[in-house]
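Visitor: Could you put the model up and walk me through its aromatic residues?
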Amino acid sequence: MSTPDFNLLITLDALLDEGSVAGAARRLRLSPSAMSRALARLRATTGDPLLVRAGRGLVPTPRALALREQVGQLVQDAEAVLRPEREIDPAHLVRTFRLRASDGFVESVGAALLARLAVEAPGVRLHFVAKPDKESGPLRGGELDFETGVIGANTAPELHTQALFHDHFVAVVRPGHPLCEGPLTAARYAAARHIMVSRRGREHGPIDQALAVFKLERTVTTLVPGFATALALVRGSDLVATVPELHCASLHDSLVRLPLPFPLPGITLALLWHPRLDADPAHRWLRHLIRETCARPPYGTRQSSDKRGES
């Protein structure tokens, strides 16, 4: 069975609406002869004359009258499918989004995001999903709408990313910790007892590489999977946690932050999403809201793109 020519639906709709070959030709910007050929094809396809001469004009057959409303609706539906999607009205949007993020991001940004949604889009629900690893499978598989994280080797190359803010690391200790007295040197930092933060259980990282330049090694007393846990331990001990300052801003407000006495590369926290959601108006709107929220203090206004920017 041959595939029908769906362009004939547009032609039939114009012919039935105009009631003349000349009128349909003008409407579709075709020549009268081209429209006459199209009518002949319609007659052959449907097995019905559709329009027959009555005096100087044409009148529809019973089959044509039966098809008129159905054809008109089909053409409207097709035009709606092929038309670019309209911008959404957040106030009337009803949808649930899933964002995978670390505890630090949720603690620092989550409340501000939810507060804005309550005012601007009360029908939108934002679910925060735990982040046990950096694998991109959930974004690829449609289980997530967004993810926040530092772009690395495990990031799927097809994902779109947008920088949210740049961060740097600081040493965090409890008030009254011995490191609070006097200048903090690389040697004093290394001599303290440390908390290692690693989701994968690694016992060596960039900090250790930076200390090795000074021929120093630190003592790692314990290893934890996240920054929030590390800072909780700092509050009740003499341990030192080295964490990104802005990312953990709401977690160390009662603790003492000390600048590191050696250079350590910073990180850029980014928003990631799959290309299939890139043109979705609701998704695009929420991406803008997340970036805008992160651009407010304490994160600043850094919004340059890592891989793909948006207007």
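Guide: Tyrosine 189 is buried, as is phenylalanine 262, where buried means under 20% relative accessible area, exposed over 50% and partly exposed in between, with a 1.4 Å probe and protein chains only. This is a predicted model, in which local features need pLDDT of at least 70 and side-chain atom pairs count only at pLDDT 80 or more, while totals for chains, interfaces and linings use all residues. Residues are numbered from 1 along each chain as its sequence is written, and side-chain values use heavy atoms, leaving out hydrogens and water.

Visitor: How many aromatic pairs does a search of the whole structure find?
Guide: The search finds 2, with rings of Phe, Tyr and Trp (its six-membered ring) pairing if their centres lie within 6.5 Å, and with planes under 30 degrees apart counted as stacked, over 60 as edge-to-face and the rest as tilted. Phenylalanine 97 and phenylalanine 146 have ring centres 6.1 Å apart and planes at 40°, so this pair is tilted.

Visitor: Which strands hold phenylalanine 97 and phenylalanine 146?
Guide: Phenylalanine 97 sits in β3 (residues 95-100) and phenylalanine 146 in β5 (residues 146-150), 49 residues apart, so the pair links distant parts of the chain; strands are DSSP runs of E of at least two residues, and helices are runs of H or I of at least four, numbered from the N terminus.

Visitor: Are those two buried or exposed?
Guide: Phenylalanine 97 counts as buried at 0% relative accessibility, and phenylalanine 146 is buried with a relative accessible area of 0%.

Visitor: And what is the geometry of tyrosine 189 and phenylalanine 262?
Guide: They form an edge-to-face pair, 5.2 Å centre to centre with 70° between the planes.
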